[in-house]
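Here is a briefing on one predicted model. Read it alongside the coordinates.

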Protein chains: 4
Amino acid sequence: MAKIQTIGILTSGGDAPGMNAAIRAVTRAGICNGFKVKGIFRGYDGLINDEVQPFTTENVSGIIRDGGTILRTARSKEFMTPEGREKAFQTIKKEEIDALVVIGGNGSLTGARDFAREYDLCCIGLPGTIDNDLYGTDSTIGYDTTLNTIVECVDRIRDTAQSHERIFFVEVMGRDAGFLAQNSAIASGAEAAIIPEDSTDVDQLAQFMERGIRKSKRSCIVIVSESPKCGALYYADRVRKEFPGYDVRVSILGHLQRGGRPSAHDRILASRTGVGAVQAIMQGQRNIMVGIRNNEIVYVPLSEAIRSDKPFDRGLITVLDELSI
Amino acid sequence: MAKIQTIGILTSGGDAPGMNAAIRAVTRAGICNGFKVKGIFRGYDGLINDEVQPFTTENVSGIIRDGGTILRTARSKEFMTPEGREKAFQTIKKEEIDALVVIGGNGSLTGARDFAREYDLCCIGLPGTIDNDLYGTDSTIGYDTTLNTIVECVDRIRDTAQSHERIFFVEVMGRDAGFLAQNSAIASGAEAAIIPEDSTDVDQLAQFMERGIRKSKRSCIVIVSESPKCGALYYADRVRKEFPGYDVRVSILGHLQRGGRPSAHDRILASRTGVGAVQAIMQGQRNIMVGIRNNEIVYVPLSEAIRSDKPFDRGLITVLDELSI
Amino acid sequence: MAKIQTIGILTSGGDAPGMNAAIRAVTRAGICNGFKVKGIFRGYDGLINDEVQPFTTENVSGIIRDGGTILRTARSKEFMTPEGREKAFQTIKKEEIDALVVIGGNGSLTGARDFAREYDLCCIGLPGTIDNDLYGTDSTIGYDTTLNTIVECVDRIRDTAQSHERIFFVEVMGRDAGFLAQNSAIASGAEAAIIPEDSTDVDQLAQFMERGIRKSKRSCIVIVSESPKCGALYYADRVRKEFPGYDVRVSILGHLQRGGRPSAHDRILASRTGVGAVQAIMQGQRNIMVGIRNNEIVYVPLSEAIRSDKPFDRGLITVLDELSI
Amino acid sequence: MAKIQTIGILTSGGDAPGMNAAIRAVTRAGICNGFKVKGIFRGYDGLINDEVQPFTTENVSGIIRDGGTILRTARSKEFMTPEGREKAFQTIKKEEIDALVVIGGNGSLTGARDFAREYDLCCIGLPGTIDNDLYGTDSTIGYDTTLNTIVECVDRIRDTAQSHERIFFVEVMGRDAGFLAQNSAIASGAEAAIIPEDSTDVDQLAQFMERGIRKSKRSCIVIVSESPKCGALYYADRVRKEFPGYDVRVSILGHLQRGGRPSAHDRILASRTGVGAVQAIMQGQRNIMVGIRNNEIVYVPLSEAIRSDKPFDRGLITVLDELSI
């Protein structure tokens, strides 16, 4: 393997707050350590279509505090095909990119792993997703910011719920992982969370209602992970049917959960793993994701990072149950 | 008319940030000037059902910064009937309330006016609504906070819109008044606003799209006033039909617009008009709303305050048009 | 007078949140109406040293939500001399600037007035200062944001003051004008404000202390306008001397009051007055400041805007007094 | 040892955001598991003076989102004496408190350890301090919120620093521990941090200046841990002396760093460790601090938690150095 001289960076999949901080960290640590750095726009699509630009430290000046991604992002269908990846590799060769840093979630890192396997390329992943569903890192870039955004929104909804004495079902992101729903429920003092890792039946709903309306509480808030069939609207309807007489409302937080200035935690996580990515390249690491566990930088093989079974701590369910009495 | 000794306070209709600051101001200024103060819970319903409690300065300690209303609120159907108002007046007599301060929006102040007419009562209104649709005051308690909340949300959505290069239709409150939509569009740098005061046809939609996708801009955000028929979903569907090929998304901000810590502006407005309400009572004013115009306290007859034709400054449409190029 | 074709923009004096929104508005409205626009960097110094750059709509893209000023700013000593202004005018001629828009406070607009008098130039001022001390406009660009920032800070300090049962003197900006101190005191529920418009003697201090320590309140917060001699440190020392036994602390908010994302109010004010500046130029107005009074755009002669006697509403002192009981 | 029936809770030392969430969690989990709960006011002083009150779930309703501590707090000198602790133990006996939960930092937990040793009492500590200087837990309650508050403040100061092209020394809390300074420097994109764990000489200062003024950057921000002798004022003076010509400013953030609504992270940490404290009591644990390591609840002996040598990750210095180029 020839010496690595040029690092390419791209962001892929849903945008997450802190992606810019990660781009900045890889760029600056790369340049600081003697590499050339190139920014690849619009995710894997930009790799396929050669949307590549040399980056200096000035390209990333001031972006540490901005949400979104200056490299833009996309969910590339073409890159899922062998033909797409073939085109992408042509760009890699043409642009003389020796190592590719991919900032993204599960799907994006799966793409990186497959690409690295097919073309003997050095791919380094950074965990950039609000869903926190990557294995081997305590948290992912964007998760903490989104958690705070949700909690701020629920704080606001609580004001109205109490003033009007209403039941609210609040739908948050996390189709396949209940981290956001469960933890935002704990943090906002919600009465319950409905998450994909746990089933919720009519008896439990009755119990949630009861918690909320007991004399000392004036309202009830249930956080629900988004779901094509069983989202907040579904549960609100069931409650209206099974327990008529309540004033039940739904709030779907939607896209505003993705944006915003990254929290201190996410900026630090992005900065540390970004520097870690460059160090990994210098150490000859390949096809790993850089994460932080127990406050230390770790290198996790991409195949392990994307394992679908990131464990959900069921103790969190107990915490919420005991605190909702 | 006998000397006024006891002031009753209630909040009615949709909750608005700053209502607590207003309750605090009326209570403290009342007590400071020698009145007894009583809090009435759950709006007019609480007046009908005698949910009344004497208030000291301690009841309102620390609430200036809290959203919602410690007096809770409701939209009372019973108070719309003569029988309901008759019961309410029984409470007024029983509790020896000489002056009633009502903090609420158009419907609530209409109720106050009717009640005052029927029972020869001193009713003072405070403009408590996020909609800003009361006549005779430069702004209403809650409007500024909600405007800031919307702008924060749109700032977040902008991050995602730019990163993914998407068209967003963002629905905000204000069914009958476009103040929130038009002004949040100006403040967030949105490409357009769709408001009840102005019609929007297919040609304009085309123009909005064009503004957004022109080379120097990577996304397009249109703010839409909520509407039973023609909300954000309606316009998103039309754009998908008429201009296929765009990635169009909808975000309905919903209930989170009502809550949250009131802005400095709303706390000051609530404090000043709350003190103004007590001064009005001392001056023998009756059946007026206390507002602020041109930075000065004004007394507006309730019948005038609830006029439906608060003028909308069409210059704001020009401002948005010129700044969206 | 020849037809105006090119508009120059500069920001001057202390930076204020919303200056960028104003730069954006003048630039876009200018271009929209057929003018060329040039940005002048570093205030009047940049005019003297010809730091000028043509602006397109792209130069101001995305800046509406950013604090500070992309044009940078300075307090120019050289511009106070006839020689400095002579050099500045050379740049005006060289760059073919026909109208100069100055965004700044009292000193900056005084400079604009003098410059316009000496060189028969069209100067338009925008009220850009956190101090709110310009005559003829209800508020100035930056004032509302700073007020909110101060109130947020005092909300935080209140948590500590109550938890530890302490007296806090919080020093805020506004050396010559008590708007920030008086209004932030009302909005944060502080016990008192010490402002340049009003004298504060030892008896009043005793009264402030008493308010705070009365049984129903656990702490006391006094907001103090900054002052070379009689700032927060001075009053804290006096209290320590005259009323020993209290746990007295000082917090000087300092520079963090200037920055931050502008509030919705300031973005709208900047956008509307920025568009108003271009309209003023088109109407042949000269040497005026664009402000907003009673929710309408007004043109105020520069000489009037910089009058030193912007009236302070003493009713605000009563409001704070009655609400601090 | 008799069966534990009653749990007493107190907060001690400097207040930290999330203390209320911890009080709520211990109270609710305690009651949920069959214990009586008593709140002790004003820290150890309240224990000495028997300021104790039975707590129900209602006492802690709605406080999860409030900064400060409803139990108030103090730094007790009397408790440092054997006589003071003797009096405190009399209250413990009189109030029939079987287990004492102390929420506080290093000094407070040292007091708890000594008290437990002398009187054979079950003491459980919760890590409540913004300084993050307790051993055995990944972070302490309040640290994350304060970090975010500092970063928000530095974001604001950055706006002014760039607009005026100034050098800023920003002083933050953390007299004995550089966690806040170092991590807020990374998160805010500051040019350097001066921390107690590392010495800073004149050559380094020169290097910091150089970083900031290099062409691509318009300002320089250095974060300094507070220090009786070598705080921000000291370094600003040195720079003024050694490198004349710079516009150097100082901002001392001070007390506002302690307050404010706790972040999601701190609310969750407080909730989980609060529930963990009750579980520890049920398991017969004594004289331990409940922390979270690697996302799991851990019990750390009090003597270990207060060890003075919580390791500082020097890799963070490298991260800041590489990202400040």
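In chain D, strand β7 (residues 167-172) pairs with β10(D) in the parallel sense, over 5 bridges. Strands pair here if DSSP finds at least two bridges between them. Helices (H or I, at least four residues) and strands (E, at least two) are DSSP runs, numbered from the N terminus.

The model is predicted: local features need pLDDT of at least 70, side-chain atom pairs count only at pLDDT 80 or more, and totals for chains, interfaces and linings use all residues. Residues are numbered from 1 along each chain as its sequence is written, chains are lettered from A and ligands numbered from 1 in the order in which they are written, and side-chain values use heavy atoms, with hydrogens and water left out.

**The sheet in chain D**

- Strands β7 and β10 of chain D belong to an open sheet of 4 strands, ordered β8-β9-β7-β10, with parallel pairing.
- The edges are β8 (192-194) and β10 (248-252) of chain D, each pairing on one side only.
- From one strand to the next, the twist averages 20 degrees.
- D:Val170 has D:Ser251 as its bridge partner in β10(D).
- Helix α8 (residues 232-242) of chain D lies across β7, β8, β9 (220-225) and β10 of chain D.
- α8(D) runs at about 180 degrees to β10(D). Axes are lines fitted to C-alpha atoms, for helices over the stretch in contact, and angles run from 0 to 180 degrees between N-to-C directions.

**Two helices of chain C**

- Helix α4 (residues 106-119) of chain C has 14 residues. From first C-alpha to last, α4(C) reaches 20 Å, close to the 20 Å expected at 1.5 Å a residue. The expected span is 1.5 Å times one less than the number of residues.
- Buried residues of α4(C) include C:Leu109, C:Phe115 and C:Tyr119. Buried means under 20% relative accessible area, exposed over 50%, partly exposed in between (1.4 Å probe, protein chains only).
- The cover over the buried residues of α4(C) includes α2 (43-48), α3 (82-94), β4 (99-104), β5 (122-129), β11 (288-293) and α10 (302-305) of chain C. Contact means heavy atoms within 4.5 Å.
- Just after α4(C), C:Asp120 takes a positive phi of about 50 degrees.
- Helix α9 (residues 264-282) of chain C has 19 residues and reaches 27 Å from its first C-alpha to its last, close to the expected 27 Å.
- α9(C) is largely enclosed by the rest of the structure, because 16 of its 19 residues are buried.
- Just after α9(C), C:Gly284 has a positive phi of about 80 degrees.

**Chains A and D**

- The same surface serves both copies: 100% of the contact residues of chain A recur in chain D.
- The contact involves 47 residues of chain A and 47 residues of chain D.
- About 4,000 Å² is buried between chain A and chain D, 53% of it on carbon and sulfur atoms. Buried area is the accessible area (1.4 Å probe) that two parts lose on being put together, summed over both.
- A:Glu322, A:Leu323 and A:Ile325 supply 16% of the area that chain A buries against chain D, more than any other three residues.

**Chains C and D**

- Here 34 residues of chain C are in contact with 34 residues of chain D.
- Chain C and chain D bury about 2,700 Å² between them, with 45% on carbon and sulfur atoms.
- C:Arg156, C:His255 and C:Leu256 supply 25% of the area that chain C buries against chain D, more than any other three residues.

**Loop residues**

- D:Arg258 sits in the loop between β10 and α9 (264-282) of chain D. D:Arg258 counts as buried, at 13% relative accessibility.
- D:Arg258 and D:Gly14 are 244 residues apart in sequence and 8.1 Å apart in space, C-alpha to C-alpha.
- Not counting residues up to four places away in sequence, D:Arg258 touches residues including C:Thr160, D:Asp15 and D:Met173.
- D:Arg72, in the loop between β3 (52-55) and α3 (82-94) of chain D, has a phi near 55 degrees, a positive value in a residue other than glycine. D:Arg72 is buried, with a relative accessible area of 16%.
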